[in-house]
Each structure stands twice: as structure tokens, then as C-alpha cells.
Amino acid sequence: LMPQPKRASIWEDGGAFLMGRVLGNDGAYLTQAVTSSITYLIHDITAGADIASGSLTVSSVIFDTLQTDGRWTEDDTGYNFGHAVQAAWFATPDHTYRVEYKFTPSSGQVFWVVFELMTSAIYTS
């Protein structure tokens, strides 16, 4: 069984707030205290090119309590990871972009959370 990325559609030249309920390798909800670092890579699959990469501030993207604001529509439980991605990273319509997050826990093995975003054209862009 192959792991599957979370898929979504967005508008070209538009930002997005990527979020998820992330479990560590121990099966517990990820918290700031058990997360050493998070890096990301954004890759345009259609063009075959890397768009952006970097490190995130753990305390800015990991929530120690599950969030249930209006952005989360999956269920009533909520999310503990959220990252606002820049509109400039998704400038081309009809492309598929892969956003890979590498989580390095304070102890244990690294793991990944992956999103694939498909862009649709905005005629005024």
C-alpha cells in the first residue's frame, strides 16, 4: 500500500492554508515539545522544477491543542498543523504542485506529510 498525498485544488496566484491532523511515529498527536524541526519543499510536478524550500518555526505551525476554526471542514476533531503557503509559489494554471513537509521529532525517525495542489486559471491574473 503506497501512502497517498492529501489533494486539493486552488486558484493560480492564490495562497493556501495547508493543514492536517498529524500523528508522530508513536501514534500520538504531534506537539511542539516533541518536534525538533520541520522543513518543506515545493515542487512543480508539471514543469519538473523545485519552486521553494526552507525551514518552518515549529511554534508557528504546530498547535498543542487541536484547532477547529472555520478553515477546517474535515470533521469536528480539528487539526494540529497549519502552514500558510505563498501565492507566488502557485503562479501557473493547470499545474500540479507537490508540497512535502519533513518532520524531525525530538526522538525517533523522521516522517513526511505531503500535499498535492492542482491550480485552476484565474482569467484576470
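Phe81 counts as buried because its relative accessibility is 0%; buried here means under 20% relative accessible area, exposed means over 50%, and partly exposed lies in between (1.4 Å probe, protein chains only). The model is predicted: local features need pLDDT of at least 70, side-chain atom pairs count only at pLDDT 80 or more, and totals for chains, interfaces and linings use all residues. Residues are numbered from 1 along each chain as its sequence is written, and side-chain values use heavy atoms, with hydrogens and water left out.

Rings of Phe, Tyr and Trp (its six-membered ring) pair if their centres lie within 6.5 Å; planes under 30 degrees apart count as stacked, over 60 as edge-to-face and the rest as tilted. The count by this rule is nine aromatic pairs. One of them is formed by Tyr40 and Trp89, a tilted pair with 5.6 Å between centres and 40 degrees between planes. Tyr40 belongs to strand β3 (residues 35-44), whereas Trp89 sits in the loop between β6 and β7 (96-105). The two are 49 residues apart, so the pair links distant parts of the chain. Both Tyr40 and Trp89 are buried. For Phe81 and Phe103, the ring centres are 5.3 Å apart and the planes meet at 70 degrees, so this pair is edge-to-face. Phe81 lies in strand β6 and Phe103 in strand β7, so the contact ties together parts 22 residues apart in sequence. Phe103 also counts as buried, at 1% relative accessibility. Ring pairs join Phe81, Tyr101, Phe103, Phe111 and Phe115 into a cluster.

Strands and sheets were assigned by DSSP. Helices (H or I, at least four residues) and strands (E, at least two) are DSSP runs, numbered from the N terminus. Two strands pair if DSSP finds at least two bridges between them. An open sheet of three strands has the order β2-β6-β5, and its pairing is antiparallel. β2 (16-20) and β5 (62-67) stand at the edges with a single partner strand each, so one side of each has no neighbour in the sheet. The twist averages 40 degrees from one strand to the next; axes are lines fitted to C-alpha atoms, for helices over the stretch in contact, and angles run from 0 to 180 degrees between N-to-C directions.

Within this sheet, five bridges join β2 to the antiparallel strand β6 (residues 79-85). Gly20 stands opposite Phe81, and Leu18 has His83 as its bridge partner. Four of the five residues of β2 are buried, leaving the strand mostly covered. The charged end of Arg71 sits over the ring of Phe17, 3.8 Å from the ring centre. That term requires NZ of Lys or CZ of Arg within 6 Å of the ring centre and within 35 degrees of the ring normal.

A second open sheet has five strands in the order β1-β8-β7-β3-β4, with mixed pairing. β1 and β4 (49-56) are its edge strands, each pairing on one side only. The twist here averages 20 degrees from one strand to the next. Six bridges join β1 to β8, and these strands run parallel. Arg7 stands opposite Glu116 in β8. β7 and β8 run antiparallel and share eight bridges. Thr96 is bridged to Met118, and Phe103 stands opposite Phe111. β7 and β8 form a hairpin with five residues between them. In the turn, Gly108 has a positive phi of about 100 degrees. Seven of the ten residues of β8 are buried, so the strand is largely enclosed by the rest of the structure.

Tyr97 is placed in strand β7. At 1% relative accessibility, Tyr97 counts as buried. Its C-alpha atom is separated by 7.4 Å from that of Thr46, 51 residues apart along the chain.

The largest pocket has a volume of about 620 Å³. On a 1 Å grid over the protein atoms alone, a pocket is an open set of points with protein on both sides within 12 Å along at least five of seven lines; lining residues have an atom within 4 Å of a point. Lining residues number 26, and Lys6, Met19, Gly20, Val114 and Phe115 are the closest to the pocket centre. β1 (6-11), β2 and β8 (111-120) each supply at least two residues of the lining.

Key: On a 1 Å grid over the protein atoms alone, a cavity is a set of points where a 1.4 Å probe fits but cannot get out, and a pocket is an open set with protein on both sides within 12 Å along at least five of seven lines; lining residues have an atom within 4 Å of a point. Grid points are joined across faces, edges and corners, and a volume is the space filled by probe spheres set on the points.
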